[in-house]
Amino acid sequence: MIFIDLVVCLLAIVSAVWAIIARNLVSAVVLAGVVSLAVSYLFLRLAAPDVAMTEAAIGAGLSTVIFLIAVRRTEEEEKR
Amino acid sequence: MASRLILEVALVLAGAGILLSLWRLVRGPCPATRAVALDTLTLITMPLMVGLAVWTGRGIYVDVALVYGVLSFLGVLSIARYCDRGV
């Protein structure tokens, strides 16, 4: 069981660092979604299922869509 | 006792799948590849949560996997729409 926890921690750390240094903004949004997924599992592992459910709803559903809309709007502003 | 062993083997195999998806996520050349890796990671993590529920014997953990399964397609769908013609 500790092996899975270490793998998910590695996933969260690598995805967070790669989201910062990624050149493409859409790739950064995808990597932020992966960080949300890994953190949701870690909340579940720390015996907090309500926090994990909120993180799943916000991170998977809302945050990715809002970030993509923001990227789209700022691209249109930059082209002018 | 045998079911415990089967659960341990399944969890280790899920960890190997997470490592392979992480490789594709880091090395992916375009955002569409990373979106597919995100979908694969979601599909691996959902049975991981259910296995954690079996391991600890708490039924509330299944609900989290259910909520994630219902909501995870939304992010991949919006990324696909963005790659096609914008949100």
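**Group meeting: core and cysteines**

Hi everyone, let's start with B:Leu48, which touches A:Ile4, A:Val8, A:Tyr41, B:Leu11, B:Ala14 and B:Ile18, leaving out residues up to four places away in sequence; contact here means heavy atoms within 4.5 Å. This is a predicted model, where local features need pLDDT of at least 70 and side-chain atom pairs count only at pLDDT 80 or more, while totals for chains, interfaces and linings use all residues. Residues are numbered from 1 along each chain as its sequence is written, chains are lettered from A and ligands numbered from 1 in the order written, and side-chain values use heavy atoms, without hydrogens and water.

The largest nonpolar core has 42 residues, and B:Ile18 and B:Leu48 touch the most other members. Such a core is a set of buried Ala, Val, Leu, Ile, Met, Phe, Trp, Tyr and Cys residues joined through side-chain atoms within 4.5 Å. Buried means under 20% relative accessible area, exposed over 50%, and partly exposed in between, with a 1.4 Å probe and protein chains only.

Now, over to A:Leu37. At 2% relative accessibility, A:Leu37 counts as buried. Beyond its neighbours within four places in sequence, A:Leu37 contacts B:Leu41, B:Thr42, B:Thr45 and B:Tyr68. Its C-alpha atom is 21 Å from that of A:Ala70, 33 residues apart along the chain.

And how many disulfides does the structure hold? Zero, over all chains, taking a disulfide as a pair of cysteine sulfur atoms within 2.5 Å. For B:Cys30, the nearest cysteine sulfur is that of B:Cys83, 7.6 Å away. B:Cys30 counts as partly exposed at 32% relative accessibility, and A:Cys9 is also partly exposed, at 31%.
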